[in-house]
Amino acid sequence: MSHRILLAIPPSEHEVIEQARAVLEGTDGVVAVEVAGTSSEVTAAISEAHIDIVVLHEHLGPVPVLELGAELNRRHPDVGLVLIAEENTPELMRSAMFSGVRGVVTLPLGVEDLTGAVASAGEWATAVRDRLGDDGAGRSRRFGKVVCLAGAKGGVGTTTLSVLLAERLAAARPDRAVCLVDLDLQSGDVRSLLDISHRRSILDLTAVVDELSTRHLDEALFPHADGFQVLLPPVEGELAEDVDGLVVRRVLARLRARFDVVVVDLGSVMTEATATVAEMADAPIVVTQTDVPSLRGANRLLAMWERVAIPRDNVRALVNRVDRDTEIQPDLCGRVVKAPLLQTTVPARFRDLEVGANTGQPLRVQGPVLRAVDDLIDELGLTGDAETSATPAPEATSLEARVLDGERGQAAVDFIAALPLLMMALLLMWQLALAGWTQVMVQNAAREGARQLAVSEQVDATGDGVYDDVGTAVIHRLPEGWRSTVEIRQGGDWVQVEVGIPVLMPGFNTVGTMESRSGAVLEEAREP
C-alpha cells in the first residue's frame, strides 16, 4: 500500500531533510514526501492532506516534539509517528513510546533504520484504518468517543453512573459497540455491581502492550449479557501500579478504534493512568454531590488536572443525588465548581438503586434515575454513532414522540372534561361557606336582640309584636345583603331571628333559611 509521508524537520536541519527525502522518495510504497518546518505546520498539513506517516525531528518547535506527538496520537491515532533523535537513550525511548511514536531513528540517518521505522509506522496506520474502514454501507467509520467519569471524592456514585451509562447506551442501540472500563484500579466496584466472576483484567495487557492485538483484547474483555463489554481492574489491588500511563494510552487507543463508545470509571483518586484517560477523553466528567465536601473535592480534582496540563476546554461537572429538600441546590453548585455544569442532574433515589445493586442487575432500576441517564446521553451527543449523529432519528424515536404527543393531548382532553365537575365542587364549597356565615350572623343578631329586649322601652310602633329598639338592634347587627330577608319574632322573654341563605352572593336569591332564638333576662324580673 502507498503512503504519504510528512517530514516534520526544522529548516535549520536542511542536510537531514535532503537525506531523508532522498531515502524515502526511493522507497517502494511512498507516493509523496512533504516537509513542515514547525509544529503548527504539521498540524495544518495533517488536517488538510491525507498524511499516513509523520517523521518528527527532536528539535522541531515551538511545541516540544514529544508533546506534539502525544497530541497527534490523541487526535489522529491512525497516523504513524517516527522520531529522529541524536541519541537513542532508554529514557527517550520510554517517553517516545508514551507519546505514541512507533519507531526511533538516530542520526546520522541509516537507510535501513529509516525505511524500517517508516515501514513499521505504515503498517500501524494501515492496520488501524483497515479496522476503521468501510462498514459495508459506503461509510467510513470514525473513532469512537471516550467518556470518563471521575469522582470528586469517594462515594459520590461514579461507578453506579458509569455502569448505568454503559448499559443504557447498549440497550438503546443494540448495533452500537460499547465498552465499560473500570480504572479505579485498587478499589473498583464494577465487578461487584455487575456480579462478574471474570478473572482477566487490564493487568493481563501490560506484558503485551507493545504488540497489542484484537486477540489479546478479546481475552481480557468480559462480554456482559446486556450487550456491552467490560475491562476490569486487577483482582489484587496492590498490582495496580503496574498499569501506568503508557499501558492505558495504548489500551484506550485500541478500544477507541474498536468500540463506538468507551465509558471509563476513573474512581476518585488521580493516578498516572487516570490522568492519561482524562487527557484523551472526549468528555471528561467530574461527578459531585450537593454537599460542601464534594464540591471542594471537585475543585481539588480540577486543580490537579490543570497542574498536570490536562485540557480544561471540554471538562464538565455532573451533580448526582439531587434532592429539593437539601440545603445546596444545583444552581449553587454551578457557582462553586470551577467547571461548566451539565444541565442534566441525577435525583437522589437510593431505594430505586438498591435492588439492582444487590442483585447484580443495575438495569432493574426504574424511574427518574434512568430518565436522568438517558438525558445525560442526549446531552453528551451519544444518542447515535459518530458518523450518523447528524441523521434524522430512527422510526422508533418518531413513534415515541407521537405517543408522547398523544398522551399530552389526552391529558388536555381529560382536564377539559373534568373542568365542569371542578367548578361545581368549588361552587358547592362556596355555598356551604355562605350558609355557615349566615348561621353565625343570625345567632349574633338574635343575641343582640335579646340583650336589647332586657332593657327595652317597650314601644311597638309597627304593631308587629316586636319592640322598635329590639328590631333596630337586630337589623344593625346584620350586614346589608342579609337585611332584606330578615324576619324577627318576639316573645315575653325571647327574640327569634330568621334570615334567608343567599345563593352565591347576598341579594341575588335565597335557598332556605337560617333561624336562631335567644332568651333574655328582663329587668323587671330582677329582685333587689
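This is a predicted model: local features need pLDDT of at least 70, side-chain atom pairs count only at pLDDT 80 or more; totals for chains, interfaces and linings use all residues.
User: Is cysteine 148 buried or exposed?

Analyst: Buried means under 20% relative accessible area, exposed over 50%, and partly exposed in between (1.4 Å probe, protein chains only). Cysteine 148 has a relative accessible area of 0%, so it is buried. Cysteine 333 is buried too, with a value of 0%.

User: How do I read a strand such as β7?

Analyst: Helices (H or I, at least four residues) and strands (E, at least two) are DSSP runs, numbered from the N terminus. In a regular strand the side chains alternate between the two faces of the sheet. In β7 (residues 178-182), 5 of its 5 residues are buried. Val178, Leu180 and Asp182 lie on one side, with Cys179 and Val181 on the other.

User: Which strands pair with β7?

Analyst: Two strands pair if DSSP finds at least two bridges between them. β7 runs parallel to β10 (residues 261-267) over 5 bridges, and cysteine 179 has valine 262 as its bridge partner there. β7 is also parallel to β9 (residues 229-231), through 3 bridges; leucine 180 stands opposite valine 230.

User: What is a nonpolar core, and which residues have the most contacts inside the largest one?

Analyst: A nonpolar core is a set of buried Ala, Val, Leu, Ile, Met, Phe, Trp, Tyr and Cys residues joined through side-chain atoms within 4.5 Å. The largest has 49 residues, and Leu183, Leu231, Leu255, Val264 and Trp305 have the most contacts inside it. Elements that each supply at least two residues of this core include β6 (145-151), β7 and α11 (292-307). Another core, of 35 residues, lies apart from it and has Phe228 and Ile377 among its members.

User: Where is threonine 159, and what does it touch?

Analyst: Contact means heavy atoms within 4.5 Å. Threonine 159 is found in helix α6 (residues 158-172). Leaving aside neighbours within four places in sequence, threonine 159 is in contact with Asp189, Val190, Leu193 and Asp265. Its relative accessibility is 14%, so threonine 159 counts as buried.

Notes: Residues are numbered from 1 along each chain as its sequence is written. Side-chain values use heavy atoms; hydrogens and water are left out.
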